[in-house]
Amino acid sequence: MGQVESFDQVFETVREYCKSQLSDVNYTLWIEDLLPLQFVGLTAYLKAKSKFKRNIIVEKYEDILLKGFSQALGFDVDLVVEYDEDDKPQSAAENEAYKNPSNGNYEYTFDTFIVGPSNKFAHAASLAVATNPGNAYNPLFIYGDSGLGKTHLLYAISHEISNNMKEKNIVFVKGDQFSNELIDAIKSGVTKHFHEKYRSADVLLVDDIQFIAGKESTQEEFFHTFNTLFQDQKQIILTSDRPPKEIKTLEERLRTRFEWGLLADIQVPDFETRCAIIRRKAELINLKLPTEVVEYIANRLKTNIRQLEGTVKKIKAMSDLNKTPPSIMTAQNAIRDILNDNQPVPVTVERIINEVARTYGVLPADIRSSKRSSNISVARQVSAHAIREITQISYQDIGLELGGRDHSTIVYQLKQAAKNIKKDPRYKETVEDIIRNIRGS
């Protein structure tokens, strides 16, 4: 049992036990990324990714882990959950934030960011913030369509600060992750740990902040977090797919604060910038692309940098496999494959109901139940509308998804939703934002 390999296998069994006992959100947030270190005597040593996670795991999930070990081994053990003293919660260094998830050799730094007319302003602002956090532009709000480099700039800022100011506590989070962590902290009674994590940050980076819109408790929490950090002159950097004024269900007090600092947009890169991006991606993976191939790709993929990167990698794989140099034909095949791969994942009814539930502060089970409180009834009505709008499934199937309601009930709910959209601007904005968030997630 002292061997690491055998302990890894034991812990896989423990993970499976925990997964069977917890919700998907709780398992993913607190158990999935625990690392097995060693088994000495009758003590199992695990490692959490941050002090924040370690505290919650010990306080709320230690019992279930101990039961998992007992099931896996047939006897009781003691448990020690460690964390690195030098680790900073959710820092970019901690979770390999500078690494492109699709290519471990590529780093999201300022050096690898291709600057052009479409992103020059956002790049300059990001560099200023990274050089002088808390004093240059605060907050810095970067916005633009998906795949244009917003996340790259966030990681680059984090990379620069962590390299040059190692004492800074950098916290990086996705908007929907912030919301999920808050929900779990409230349910588990550990909001103190949640506050400590975010309000002790020297630099807070939030990617896709639009996902907190419409969620009352999340916006309330972020409002206080923002105020605490801003008053202490800590740096805040946010990204979104649109400027604050266009996030319709964002509270006015947050919208105003997001506009206190600097707004910087990123546009679709021009032809020359796209060519430069393609060449840089190719250089990073030791691929020599003829000029005609570079220009062919740049002329056909115009709106998404991730697609450019994916195409270059695909060409590299095809060329290595066939042992032939890259050609226009190779590029044609790669582009076709990438465009197919980039089709949106089908939206499930479960995702729609979960998003509506989060927005209205109710449980998904409430929406499917027979409860008739005002908030639940509105959430149910919006769920029916969103399901119909996004999936186009039949009224009968919508009824089945919403707790076995009959055809006439769904027809009535859809008619009421349509009326409310016409007469109530706030209702309409909330519905549109929910649908946009679901389609964009």
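Predicted model: local features only at pLDDT ≥ 70, side-chain atom pairs only at ≥ 80, totals over all residues.
Which helix is alanine 298 found in? Alanine 298 sits in helix α11, residues 291-300, where helices are DSSP runs of H or I with at least four residues, strands are E runs of at least two, and both are numbered from the N terminus.

Residues are numbered from 1 along each chain as its sequence is written, and side-chain values use heavy atoms, leaving out hydrogens and water.

**Two alanines**

Alanine 298 counts as buried because its relative accessibility is 0%; buried means under 20% relative accessible area, exposed over 50%, and partly exposed in between, using a 1.4 Å probe and protein chains only. Alanine 136, in the loop between α4 (120-131) and β6 (140-143), comes out as partly exposed because its value is 31%.

Here are two C-alpha to C-alpha separations:

| Pair | Separation along the chain | C-alpha separation |
|---|---|---|
| Alanine 136 and glycine 261 | 125 residues | 9.0 Å |
| Alanine 298 and alanine 213 | 85 residues | 35 Å |

Setting aside residues up to four places away in sequence, alanine 298 touches Phe271, Arg274, Cys275 and Ile278, with contact meaning heavy atoms within 4.5 Å. With that same exclusion, alanine 136 touches Ala128 and Val129.

**The cores**

The largest nonpolar core has 53 residues, and those with the most contacts inside it include Ile31, Leu34, Leu65 and Phe258. Such a core is a set of buried Ala, Val, Leu, Ile, Met, Phe, Trp, Tyr and Cys residues joined through side-chain atoms within 4.5 Å. Helix α3 (residues 51-73) supplies the largest share of this core, eight residues. Apart from this core lies another of 26 residues, including Val349 and Ile434.

Beyond its neighbours within four places in sequence, leucine 34 has contacts that include Phe11, Ile57, Leu65 and Val81.

**Where α7 meets α8**

The axes of α7 (residues 191-199) and α8 (residues 216-231) come within 10 Å and cross at roughly 45°. Axes are lines fitted to C-alpha atoms, for helices over the stretch in contact, and angles run from 0 to 180 degrees between N-to-C directions. That angle makes α7 oblique to α8, since under 35 degrees is roughly parallel, over 145 roughly antiparallel, 65 to 115 roughly perpendicular, and the rest oblique. On the α7 side, Phe194, His195, Tyr198 and Arg199 meet Glu221, His224, Thr225, Thr228 and Leu229 in α8.
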